[in-house]
Each structure stands twice: as structure tokens, then as C-alpha cells.
Amino acid sequence: MHQLSKLSVLNQVTECLTGIVKTEREPEVRRAAVHVITLLLRGLSEKTLQILDEVLRDLYRLLKYVIQTDEDEMVVVHAQIALDELDHIVRRFLFPEEKLQKKIVILP
């Protein structure tokens, strides 16, 4: 599968998940959709910012909205977990782990 088609599929998946979270009345379905978002973020890890760049802002806003407004406690918990995952990804990108190394050369 080409990289472009993978991006298209992932964007369609996130659009579908977003629609489910926004419109579904059953909390179990919303829980599952938010959980899939979490798993997607974990699976993409550092590549999340590159692959989901077009929809990342919308996902962030959706998760914040869910945390503030959803009546189901488990949906809120799943959204918080997804938001934490996104936070870790962004922090690793902004503040990469520094490896302190020093090269020591012994002169003859």
C-alpha cells in the first residue's frame, strides 16, 4: 500500500471515529471509539505528528470537548488517556531525549 493511500485511510478512520464520538448515543460505542483513538496514537507514536497532521488539531479539540461535556465517566476516562498519550507524543517531539556523550581520545 502506498504511503499516500495509508494516510488517506488513516484520515478516513479518524473522521469516522470523530463522527461516532460526536453523534452516538450509546456510551459503550463512544468508549470504544475514543479507545481506538488512543490505540491509534500509541501505534503511530512519534509518527503521529507527521501522519495525522491534518486531523490532529481536530482530535485534540474533540478529546477536550469529550472530557468537558460527556456524561459517561468511562468515556471521559478514555478521552483523558488519549489526551495524555497525545501529550507524551508532543513532549517527546518538542523535548527529545538528550544523550550526553563525551568522546575521549588518548594521544600516543
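Analyst: Before we start on this predicted model, one definition is needed: a residue counts as buried under 20% relative accessible area, as exposed over 50%, and as partly exposed in between.

User: With that scale in hand, is valine 90 buried, exposed or partly exposed?

Analyst: Valine 90, which is found in helix α5, has a relative accessibility of 29% and therefore counts as partly exposed. Valine 77 also lies in helix α5, and because its relative accessible area is 34%, valine 77 is partly exposed as well.

User: How should I read the packing of two helices, and at what angle do the axes of α2 and α5 cross?

Analyst: Two packed helices are described by the angle between their axes and the distance between the axes. Here the axes of α2 (residues 27–44) and α5 (residues 73–94) come within 9 Å and cross at roughly 15 degrees. Since angles under 35 degrees count as roughly parallel, α2 and α5 are therefore roughly parallel to each other, and their crossing is left-handed. On the α2 side the contact includes Arg30, Val34, Ile37 and Leu41, while the residues from α5 include Val75, Ala79, Ala82 and Leu86. By class, the residues of this contact divide into 11 nonpolar, three polar and four charged.

User: Which residues of α4 and α5 meet, and how many of them belong to each class?

Analyst: Leu56, Tyr60, Leu63, Lys64, Val66 and Ile67 in α4 meet Val75, Val76, Ala79, Gln80, Ala82, Leu83 and Leu86 in α5. Of these, 11 are nonpolar, one is polar and one is charged. The two helices pack at an angle of about 145 degrees with their axes 8 Å apart, and this crossing is left-handed.

User: Which residues have the most contacts inside the largest nonpolar core?

Analyst: That core has 23 residues, and Ile37, Leu41 and Leu52 are those with the most contacts inside it. Helices α1 (3–23), α2, α4 (56–69) and α5 each supply at least two of its residues. If neighbours within four places in sequence are set aside, isoleucine 37 is in contact with Leu17, Leu59, Leu62 and Ala82.

User: Finally, a point on backbone geometry: what is the phi of serine 45?

Analyst: As a general rule, most residues other than glycine have a negative phi. Against that background, serine 45 has a phi near 50 degrees, a positive value in a residue other than glycine. Serine 45 is found in the loop between α2 and α3 (48–51), and with a relative accessible area of 18% it is buried.

Key
Residues are numbered from 1 along each chain as its sequence is written. This is a predicted model: local features need pLDDT of at least 70, side-chain atom pairs count only at pLDDT 80 or more; totals for chains, interfaces and linings use all residues. Side-chain values use heavy atoms; hydrogens and water are left out. Axes are lines fitted to C-alpha atoms, for helices over the stretch in contact, and angles run from 0 to 180 degrees between N-to-C directions. Helices (H or I, at least four residues) and strands (E, at least two) are DSSP runs, numbered from the N terminus. Angles under 35 degrees count as roughly parallel, over 145 as roughly antiparallel, 65 to 115 as roughly perpendicular and the rest as oblique. A crossing is left-handed if the near helix is turned anticlockwise from the far one by less than a right angle, and right-handed if clockwise. Contact means heavy atoms within 4.5 Å. Ala, Val, Leu, Ile, Met, Phe, Trp, Tyr, Cys and Pro count as nonpolar, Asp, Glu, Lys and Arg as charged, and the others, Gly among them, as polar. A nonpolar core is a set of buried Ala, Val, Leu, Ile, Met, Phe, Trp, Tyr and Cys residues joined through side-chain atoms within 4.5 Å. Buried means under 20% relative accessible area, exposed over 50%, partly exposed in between (1.4 Å probe, protein chains only).
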